[in-house]
Each structure stands twice: as C-alpha cells, then as structure tokens.
Amino acid sequence: MNISIRPETPADHPAVEVLTRETFWNLYRPGCDEHYLVHVMRSHADFLPALAFVAEVEGQIVGSILYTRSWVVNELGEKVETATFGPLCVHPAWQRRGVGTALIEHTKALVVQQGYPAILILGDPHNYCRHGFRTGKDLGVGSLDGKFPLGLLVLELRPGFFAGHQWKLHTSAVYEFDPALVDAYDARFPAREKKHQPSQELFSMLVRSVVE
C-alpha cells in the first residue's frame with residue numbers, strides 16, 4: 001500500500017471534516033465533536049497551518065493531522081511554546097495499516113525543523129508510546145491542577161529540555177467550546193444514530209486516571 005502524505009489545502013476541508021466525523025462517531029461519546037473542532041481550529045490564532053497534512057491512498061483522503069500551539073510553564077514562570085496535534089484521524093477502514101504512523105513521523109520531522117522542543121498531546125498511551133511518547137510524569141510535565149493525567153503524553157524533541165524543572169501544560173483555548181454549537185454544526189451532515197459503546201466507558205476511565 002502506497003501512502004502519500006501531502007499538505008492540506010482549502011479544497012480538502014469538507015472531506016477532512018467528513019473523515020473526522022467518520023473516525024470519531026460514537027467512539028468517545030454518543031456522536032462526536034471532533035469535526036466541529038476541526039472546523040473552528042483552522043481560523044483560530046493558535047492553529048499551525050504549516051503542520052496540517054492529509055494522507056492519501058490512491059487519491060482518497062484516509063487520514064488527517066492538525067496541530068495547534070501549546071505552552072509549558074515551569075515553577076520559575078518561564079513559558080515555552082510547544083506543539084500539540086489533535087485531532088489525528090484515520091478512517092476506520094484504514095486503521096492499523098500505517099496511516100497514522102506516516103502522518104506522525106512526517107510532521108514530527110517538520111516540528112523538529114521549526115525548533116519546537118517537544119510535542120505534547122492528550123491521548124491514549126496505547127496509541128502513542130510506540131512513537132516515543134512518554135508519560136508527562138516521567139518528564140515533570142503535569143496539568144494546570146498539578147496532577148499527572150495518564151493521557152498527558154510528551155515527545156521530547158530536544159533531549160534534556162524538561163530536566164531540572166516542573167512544568168505545566170497549557171493547551172490552546174480552541175479546545176474549549178460550547179457543546180450546543182456542535183449540535184448546530186452537526187446538523188449540516190447526514191443524520192447518524194448516536195449510540196453508547198464500550199469504548200466510551202474506557203475513555204471515561206482514561207480521562208479520570210492519573211499517574212502517581
């Protein structure tokens with residue numbers, strides 16, 4: 001299988017939103033909100049358009065990755081800009097076939113070139129430890145409340161950057177939005193049934209788990 005990675009263009013926006021909805025529908029909650037996030041992210045000040053890429057197989061978009069700015073702040077008040085990706089989506093029919101890996105590896109090289117010291121995400125460790133991500137606890141990077149969520153993952157691109165300090169992750173405000181706006185935006189898409197699935201219970205456990 002030949003996976004082609006290329007920059008996202010404005011013409012791709014509708015297809016990427018459809019893809020994102022298909023990827024996340026009923027996965028973490030009944031329905032999903034990730035396609036709305038993609039929609040508002042591109043016009044937000046923290047969006048990093050140079051890191052927006054799609055994956056194609058035989059001319060069909062099967063994956064997408066988008067980045068925003070994030071920041072880490074240490075106990076001395078020093079603030080450093082970092083990069084955060086999400087949503088990273090791969091069409092269900094193409095998952096576990098190297099598409100997500102290709103998107104991560106391609107963009108990681110660009111993040112290094114742009115001088116960011118790290119990529120920080122909130123995600124499932126099962127999906128990202130294979131790419132070199134570590135728990136924030138091991139690098140002294142926690143959430144704003146001082147905890148170390150299981151899903152706070154760090155890929156250190158500048159070895160030793162986090163050493164000697166305690167850091168807190170500040171993500172972009174674009175991830176905070178009114179759920180009512182999601183429902184209004186979703187009405188533009190073909191109707192789909194919202195269901196409860198076991199994956200939603202697993203997600204609920206993950207987001208409440210912390211590393212001691």
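Modeller: A nonpolar core is a set of buried Ala, Val, Leu, Ile, Met, Phe, Trp, Tyr and Cys residues joined through side-chain atoms within 4.5 Å. Please keep in mind that this is a predicted model.

Colleague: Good, then which residues of the largest nonpolar core touch the most other members?
Modeller: This core has 26 residues, and those touching the most other members are Ile 65, Tyr 67, Phe 85, Val 111, Ile 119, Tyr 128 and Phe 133. Strand 2, strand 3, strand 4, helix 3, strand 5 and strand 8 each give it two or more residues. Helix 3 provides the largest share, with five residues.

Colleague: And what does Tyr 128 touch, not counting residues up to four places away in sequence?
Modeller: Its partners are Phe 85, Leu 88, Ile 104, Ile 121, Gly 123, Phe 133 and Leu 153. There is also a second, separate core of 15 residues, which includes Trp 25, Ala 52, Val 54 and Cys 89.

Colleague: Now to a charged residue. Why is Glu 17 called buried?
Modeller: Buried means under 20% relative accessible area. Glu 17 has 7%, so Glu 17 is buried. This residue sits in helix 1. Leaving aside neighbours within four places in sequence, Glu 17 contacts His 35, Val 38, His 39, Arg 42, Tyr 185 and Phe 189.

Colleague: Which other residues of helix 1 are buried, and what do they pack against?
Modeller: Besides Glu 17, the buried ones are Val 16, Leu 19, Thr 20, Arg 21, Thr 23 and Phe 24. The buried residues of this helix pack against helix 2, strand 2, strand 3, strand 4 and helix 6.

Colleague: What span does helix 1 reach, and what is expected?
Modeller: Helix 1 covers residues 13–24 and reaches 17 Å from its first C-alpha to its last, close to the 16 Å expected for twelve residues at 1.5 Å a residue. After the helix comes Asn 26, with a positive phi near 65°.

Colleague: Last one: what makes helix 2 roughly perpendicular to helix 6?
Modeller: Their axes come within 9 Å and cross at roughly 95°. Angles of 65 to 115 degrees count as roughly perpendicular, so that label applies to helix 2 and helix 6. His 35, Tyr 36 and His 39 of helix 2 make the contact with Leu 181, Val 182, Tyr 185 and Asp 186 of helix 6. By type, the residues of this contact are four nonpolar, two polar and one charged.

Key
Residues numbered from 1 in each chain as written. Predicted model: local features only at pLDDT ≥ 70, side-chain atom pairs only at ≥ 80, totals over all residues. Heavy atoms only, no water. Helix = DSSP H or I, 4+ residues; strand = E, 2+ residues; numbered from the N terminus. Expected span 1.5 Å × (residues − 1). Buried < 20%, exposed > 50% of the residue type's maximum accessible area, 1.4 Å probe, protein only. Contact = heavy atoms within 4.5 Å. Axes fitted to C-alpha atoms, helices over the stretch in contact; angles between N-to-C directions. Parallel < 35°, antiparallel > 145°, perpendicular 65-115°, else oblique. Nonpolar A, V, L, I, M, F, W, Y, C, P; charged D, E, K, R; others polar.
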